[in-house]
Amino acid sequence: MIAMPSQQQYSRQYAVDLLKRLGYRELADEAMLELPDPVDAHRLEAWCAQHGLSYATLVSRMGGSP
């Protein structure tokens, strides 16, 4: 059996705080209402795309690479 790597997860609050620091206060409010806690990277990427935000930018600000 081959084990699949686990998907990166973030706390919802971490994503909300990051959006606020990036100047997306309205999106941060929406994220607090719409995102699960914790939120996996795939779900966060889809949520960002729905709101016209580049997930790559968000990940870069998190200190990672897409």
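Trainee: What makes Val 39 count as buried?

Mentor: Buried means under 20% relative accessible area, exposed over 50% and partly exposed in between, with a 1.4 Å probe and protein chains only. Val 39 has a relative accessible area of 0%, so Val 39 is buried. This is a predicted model, where local features need pLDDT of at least 70, side-chain atom pairs count only at pLDDT 80 or more, and totals for chains, interfaces and linings use all residues. Residues are numbered from 1 along each chain as its sequence is written, and side-chain values use heavy atoms, with hydrogens and water left out.

Trainee: Where does Val 39 lie, and which residues does Val 39 touch?

Mentor: Val 39 is in strand S2. Helices (H or I, at least four residues) and strands (E, at least two) are DSSP runs, numbered from the N terminus. Contact means heavy atoms within 4.5 Å. Not counting residues up to four places away in sequence, Val 39 touches Gln 8, Gln 9, Tyr 10 and Leu 44.

Trainee: Why is the pair of Tyr 10 and Tyr 14 called stacked?

Mentor: The search of the whole structure finds one aromatic pair. Rings of Phe, Tyr and Trp (its six-membered ring) pair if their centres lie within 6.5 Å; planes under 30 degrees apart count as stacked, over 60 as edge-to-face and the rest as tilted. The ring centres of Tyr 10 and Tyr 14 are 6.2 Å apart and the planes are at 10°, so the pair is stacked.

Trainee: Are these residues buried or exposed?

Mentor: Tyr 10 has 15% relative accessibility and therefore counts as buried. Tyr 14, at 32%, is partly exposed.

Trainee: Why are H1 and H2 called roughly antiparallel?

Mentor: Axes are lines fitted to C-alpha atoms, for helices over the stretch in contact, and angles run from 0 to 180 degrees between N-to-C directions. Angles under 35 degrees count as roughly parallel, over 145 as roughly antiparallel, 65 to 115 as roughly perpendicular and the rest as oblique. Helix H1 (residues 12–21) and H2 pack at about 170°, with axes 7 Å apart. The two helices are therefore roughly antiparallel. Among the residues making the contact are Val 16 and Leu 19 of H1 and Ala 28 and Met 32 of H2.

Trainee: What makes the peptide bond from Asp 37 to Pro 38 cis?

Mentor: Its omega is near 0°. Pro 38 is in the loop between H2 and strand S2 (39–40).
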